[in-house]
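Dear colleague,

Please find below the structure that I am handing over to you. My findings follow directly after it.

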Amino acid sequence: MASATVRSCVLCAASLFNFAFVFVSGADFIRFISFRAIYHNITGETALCQDSIPWSVALQDSSVLRSLVVDLGLLALFTALQSGLGTLNRTVYCFTTALALQILIRYWQPVTGAPCLWSVRHAPWSIWFPVICFTLHFLCWAIICSILMIFDYPELMGIKQVYYECLGLGDPLSHKSPRAQRFLSHLRHPVCLELYVVLWLLPTLSLDRLLLAGTLSTYLALAHSLDKQDLAYLCVQLNSKVQLFAEPCRGGLDATNTDDSKPKDD
């Protein structure tokens, strides 16, 4: 009994530590993907590329090539991590993913010695387009956070698995319907479209950002294998959610109409 209690405490502590670490890493990733890439266009303090340098010269520059090799290695580390540790499988997967993101963010090498692939520098779009990008990035991250909450955030983080294990209920996925299990096995990231927007919608696209956006976009595309059955299941679930949220509003309107239809005392 004591050993089971200690094991449960260790699992809970590990899952809570993982939750905090992943949360911080997510905030750092937002800053890395959106804020760093847009801020310099608004302030003009830093330059991400040099249009005065020809591509033929830039691609022969050892510093440019070294930065690209380092960045490619960091992206390979991020996409290659896989885990399989029983109850903590999802927790360790999230932890190793967050750890790989932290390494990628800390050691990423900007390629400033090469031309931009595109750059919005002519007034008035040099001011307005970064603001538009910032607004759309903010909306996309808000949508991403909302979708993660809808998709059972505790289970995505591995907290629910530990909770079920401590209660002896087994894997939470085993309690879902076969159609739900099939859908979740084909869907790794439920926020692809929003991530594509924040990866590619930028006032300036440098060579290292092209490498980052292209690799992560390919990774997201290959991680999905949804088919017609999955899309049909998703449509049914979305309709049920809409009806669920609409019922309280309909109930309130019906109650109001009922009250209005009652004769009032003089």
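Phe138 is exposed, because its relative accessible area of 57% is over the 50% cut-off. This residue of the predicted model is found in helix α5, which covers residues 125-150. Phe138 also belongs to a nonpolar patch on the surface, together with Trp125, Ile127, Trp128, Val131, Ile132, Leu136 and Leu139. The patch has about 830 Å² of accessible area.

In soluble globular proteins, nonpolar side chains tend to be buried together. Here, the largest nonpolar core has 24 residues, and Ile33, Leu104 and Leu212 have the most contacts inside it. Two or more residues of this core come from each of α1, α3, α4, α5, α9 and α10. Leu104 touches Phe32, Leu74, Leu75, Phe78 and Leu212, residues up to four places away in sequence not being counted. A second, separate core has six residues, among them Ala58, Val64, Leu68 and Val111.

Helix α10 comprises residues 207-222. At 1.5 Å a residue, its 16 residues should span 22 Å, and the end C-alpha atoms are 23 Å apart, which agrees. Its buried residues include Leu212, Ala213, Leu216 and Leu220.

Finally, Ser206 is found in the loop between β2 and α10. With a relative accessible area of 2%, Ser206 is buried, because this value is under the 20% cut-off. Ser206 touches Leu48 and Leu117, again without counting residues up to four places away in sequence. Ser206 and Ala37 are 169 residues apart in sequence, yet their C-alpha atoms are 9.4 Å apart in space.

Yours sincerely

Definitions and conventions:
Residues are numbered from 1 along each chain as its sequence is written. This is a predicted model: local features need pLDDT of at least 70, side-chain atom pairs count only at pLDDT 80 or more; totals for chains, interfaces and linings use all residues. Side-chain values use heavy atoms; hydrogens and water are left out. Patches are made of residues with over 30% relative accessible area and no salt bridge: like charges are joined within 9 Å, nonpolar side chains (Val, Leu, Ile, Met, Phe, Trp, Tyr) within 5 Å. Accessible areas come from the Shrake-Rupley method with a 1.4 Å probe; for residues, only the protein chains shown count as cover. A salt bridge is a side-chain nitrogen of Lys or Arg within 4 Å of a carboxyl oxygen of Asp or Glu. Helices (H or I, at least four residues) and strands (E, at least two) are DSSP runs, numbered from the N terminus. Buried means under 20% relative accessible area, exposed over 50%, partly exposed in between (1.4 Å probe, protein chains only). The expected span of a helix is 1.5 Å times one less than its number of residues. A nonpolar core is a set of buried Ala, Val, Leu, Ile, Met, Phe, Trp, Tyr and Cys residues joined through side-chain atoms within 4.5 Å. Contact means heavy atoms within 4.5 Å.
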